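Please keep the sequence and the model open while reading.

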Amino acid sequence: MKIPSKGFTHGGKFHADDVFSTALLRIVRPDIQITRGFAVPDDFDGIVFDIGGGMFDHHSEPRDTRPNGVPYAAFGLLWRVLGPGLVGEHQARLLDENFVQPLDLNDNTGEQNSLADAIGSFNPLWDSKDDPDQCFWRAVAVADQILRNEIAAANAVNRADETVQRAWKASKDGIVVLPAYMPWKNGLYKTDAIFVVYPSQRGGYSAQCVTDYKTRRSKVPFPPAWAGQPENVLRERSGLGLRFCHPSRFLITADDKDQAIEACRRALRAAGKPVSQ
């Protein structure tokens, strides 16, 4: 969809919906000039959202609703059209589920949402003489940075997927070894991967359990005797160069890659899983 050079949304009190819609349009077309008001001019030839009853308004029946029952607000309606061009179809859907939908639900039902509350806090106080439009643009600046971060993170996942899948194909015993820390969950979703090993940002290597997409629990957690122990106790109990094991047993850090891989192999044996020689 080609975005015109002008946009129009409602004036007065603003919400996360119209604020994030504005941020999205400015990301797609940085030179767009957006006006706020209480009635769309008859001769307006730009994009209209969150007002006016058109394609990107959600205040008239029948309302557009997602298959899961979450109704669209203006932000979701715009993201449905523009999101795939920014991050691809798959990541656009995930971003809609995890980021856009909660904001749309807040705008449509009033369901509590901390981000929506934070954006709403930019509105002038009831006894303030602050200009609502100036407050709106301050909120847009914050939303713009948040949305850019979300888009950048989604594209980082896209860039990592090929490397993650290549590492999965080369893995043994379900232990996937990555050359660097990178987003890996999307690339290993619904695979038989059990652990992921990667260089730790704090030095050494980390190993993390892969979560079962059905149960949402670690497929094979690390041994209970390791959980939350001081480093000296952990090293003694494991017989390995381990520095840390999370109390929830989903993450360990080790002195080097070989020690991290061996920790995964020990966990597999403890769980009765086959391990190649």
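Strands S6 and S8 pair in the antiparallel sense over 4 bridges, where pairing requires that DSSP finds at least two bridges between two strands. Within this pair, Ser-206 of S6 stands opposite Thr-253 in S8. The model is predicted: local features need pLDDT of at least 70, side-chain atom pairs count only at pLDDT 80 or more, and totals for chains, interfaces and linings use all residues. Residues are numbered from 1 along each chain as its sequence is written, and side-chain values use heavy atoms, with hydrogens and water left out. Helices (H or I, at least four residues) and strands (E, at least two) are DSSP runs, numbered from the N terminus.

- Strand S4 (residues 175-177) pairs with S5 in the parallel sense over 3 bridges, and the bridge partner of Val-176 in S5 is Val-196.
- S5 also pairs with strand S6 (residues 205-209), here in the antiparallel sense over 5 bridges.
- In that pairing, Tyr-198 has Ser-206 of S6 as its bridge partner; Ser-206 also stands opposite Thr-253 in S8.
- S5 and S6 form a hairpin with 5 residues between them, and Gly-203 in the turn has a positive phi of about 100°.
- Strand S7 (residues 242-245) is joined to S8 by 3 bridges and runs antiparallel to S8.
- Thr-253 in S8 is the bridge partner of Phe-244.
- Strand S5 (residues 195-199) is mostly covered, with 4 of its 5 residues buried; buried means under 20% relative accessible area, exposed over 50%, and partly exposed in between (1.4 Å probe, protein chains only).
- Strand S8 (residues 251-254) is covered on both faces: Leu-251 and Thr-253 are buried on one side, and Ile-252 and Ala-254 are buried on the other.
- In a regular strand, side chains alternate between the two faces of the sheet.

**Strands S1 to S3**

- An open sheet is formed by 3 strands in the order S2-S1-S3, with parallel pairing.
- Strand S2 (33-37) and strand S3 (47-48) are the edge strands, each pairing on one side only.
- Strand S1 (residues 6-10) pairs with S3 in the parallel sense over 2 bridges, and Gly-7 has Ile-47 in S3 as its bridge partner.

**Helix packing and shape**

- Helix H2 (residues 74-87) and helix H5 (residues 132-169) pack at an angle of about 40°, with their axes 11 Å apart.
- Axes are lines fitted to C-alpha atoms, for helices over the stretch in contact, and angles run from 0 to 180 degrees between N-to-C directions.
- H2 and H5 are therefore oblique to each other; angles under 35 degrees count as roughly parallel, over 145 as roughly antiparallel, 65 to 115 as roughly perpendicular and the rest as oblique.
- H3 and H5 pack at an angle of about 135°, with their axes 10 Å apart, and are therefore also oblique to each other.
- Helix H3 (residues 89-109) bends by about 50° at Val-100, with Pro-102 following within four residues; the bend at a residue is the angle between axes fitted to the seven residues ending there and the seven starting there.
- Just after H3, Gly-110 takes a positive phi of about 80°.

**Backbone exceptions in loops**

- Glu-61 and Pro-62 are joined by a cis peptide bond, with omega about -5°; Pro-62 lies in the loop between S3 and H2.
- Asp-50 is also in the loop between S3 and H2, and its phi is near 65°, a positive value in a residue other than glycine.
- Asp-50 counts as buried, at 4% relative accessibility.
- Arg-249 lies in the loop between S7 and S8 and has a positive phi of about 70° although it is not a glycine.
- The 24% relative accessibility of Arg-249 makes this residue count as partly exposed.
- S7 and S8 form a hairpin with 5 residues between them, and Arg-249 is in the turn.

**Cysteines**

- The structure holds 0 disulfides, a disulfide being a pair of cysteine sulfur atoms within 2.5 Å.
- Cys-209 is in no disulfide, and the nearest cysteine sulfur, that of Cys-264, is 7.4 Å away.
- Cys-209 is buried, with a relative accessible area of 3%.
- Cys-135 is buried, with a relative accessible area of 2%.
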